[in-house]
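Thanks, everyone. I have one structure to go through today, and I will keep it short.

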Amino acid sequence: MHDVVVLGVGQSEFGKFPERGIAEMGGAAARTAIADAGIDPGDLQAAFSSRVYEAMITSQTILKDLGVTGIEMVNVENACAGGSTAVRSLYKDIAAGYVDVGIAIGVESMTTSPVAGKLIPPDRYDLDGQMGLSMPVLFALQAKRLMETHGAKEEDFAQVSVKAHEFGALNPKAQYRKRFTVEEVLGSRMIADPITLLQCCPNTDGAAAVVLASADFARKYTEKPVRITGSSLISGDYDFKRADLTTMPLGVQAAAAAYEQAGIGPEDVDVVELHDAFATEELVHYEDLGLCPRGESVGLLRSGATSLGGRIPVNPSGGLLSLGHPLAASGVRIICELTDQLRGRAGDRQVPGARVGLAQMLGGAATGLDAGAASVHILTV
Amino acid sequence: MTTSTTSTPFREGLFREGPDGPALLAGRCTRCGRVSFPAPDMCLDCRGRELETVELGGEAELLCATTVHMPNRHFPPGHAVGFVVLPGGVRIFTQLRPVEDKPFRSGMPMELEIAPLWREDDADVLAYRFVPA
């Protein structure tokens, strides 16, 4: 296996841009990533892109405007973990030696998608989906269990959103750069009890891109490479295999695989980016990633360890809650954020001395499964 | 507009209505005993090929409930949903019908009812939901 590094990262503007096509948003992210890498677009040997809604030849549609043609281009989908899937797919091709350098892109136009302003449902024919299950409903019910089993309070869930927006206010790329109080979060419109509007990620249009390369290729371009030392992607397991809704075994499995490959444990991680589409789920991911012992996620949050200036900041970008969540872009965007953090160029939200970052994404729901897909990447300098 | 009184089950094989009340129908693996709802084509636990239909009855225990304040698929704002645990430990997602004086709480006994939950192609669609017992 070849060592693989993140050579360049790029993110488009995040916000509501129904007039912008995916070529425009994806192109902005890809151009930035290619320039950041210091390569010529013609150097790219492979492209993996992801989009959930109305996807068709996403890579080609974006890259033809950048002069990139006649290479292997693959387009993948894995719900919110689609971007992570694109990153991992490219990672594997470089690690295996098929190509030396390539680009992974995630892009989404949520405001023009069929789910704009709606609760995101599972597949049209999914049994639970027909019966009224949607993503916020699933996480609201999980939150109800956290209140029973973990002593979580509505104020704790609101605090996750307050924390995310404190970070987001420091990120010039965030869709919402506004701080909120716990009272404001709890006072916003109820979506699915206990999840209020300000505990839900917004509808976001945008794109992110990363240029990955073999360590050999990268040597010419950087003296301080950000290495991908762990990469995993795991599909959901049967719901009957878990005792309760407060853990997602696929997330535990994805974390374990990435930690093992990287040869580290959760105690070695300095900064985390994870799937906080709904504030409540962040507590579950703390435990599934091993950031704290099982049952102690509420205590970890309350201690401030995951907040700005804490021991292990979670979602310094502002997370999906504040930075925004163009579904397939997020899995790529978290790699961008961690790369900036490890390079020490994250500005006001910089985690001092960060050397190891963990990027987690979760995607999709289907009757009988704990979720659709979970992916974890570990980046190291 | 004419309103038809035709009603059709949401899906075949999910439930049956009998003189002794409604029951959900599940598949039980004849090899490992795993009970699954909805009944799968093969055992999801041991991959056994032989499943027999078993009735899960009409009683359950509430695990958790939420009220959804947005329209969602067939359901208007203000509908309640949750997870209930059926005999044998089968956990399912379901619509819930609130009853005055019996607020939802974890562990409370629930009862199955088959009711028209939405309309499709000019017909009532019959599906399952649970009500505080």
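Start with the buried residues of H6 in chain A: A:Asp156, A:Phe157, A:Ala158, A:Gln159, A:Val160, A:Ser161, A:Val162, A:Lys163, A:Ala164, A:His165, A:Phe167 and A:Gly168. Buried means that 20 or more other C-beta atoms, placed from the backbone, lie within 10 Å of the residue's own. This is a predicted model, where local features need pLDDT of at least 70 and side-chain atom pairs count only at pLDDT 80 or more, while totals for chains, interfaces and linings use all residues. Residues are numbered from 1 along each chain as its sequence is written, and chains are lettered from A in the order in which they are written.

Helices here are DSSP runs of H or I with at least four residues, and strands are runs of E with at least two, numbered from the N terminus. H6 of chain A covers residues 154-168 and reaches 21 Å from first C-alpha to last, close to the 21 Å expected, taking 1.5 Å times one less than its number of residues. Because 12 of its 15 residues are buried, H6(A) is largely enclosed by the rest of the structure. Its cover includes helices H5, H7, H10, H11 and H12 of chain A.

Now the contact between the chains. It takes 23 residues from chain B and 22 residues from chain A, with contact meaning C-beta atoms, placed from the backbone, within 7 Å. On the chain B side, strands E6, E7 and E8 each supply at least two residues. E6(B) gives the largest share, five residues.

Terms used: Two residues are in contact if their C-beta atoms, placed from the backbone, lie within 7 Å.
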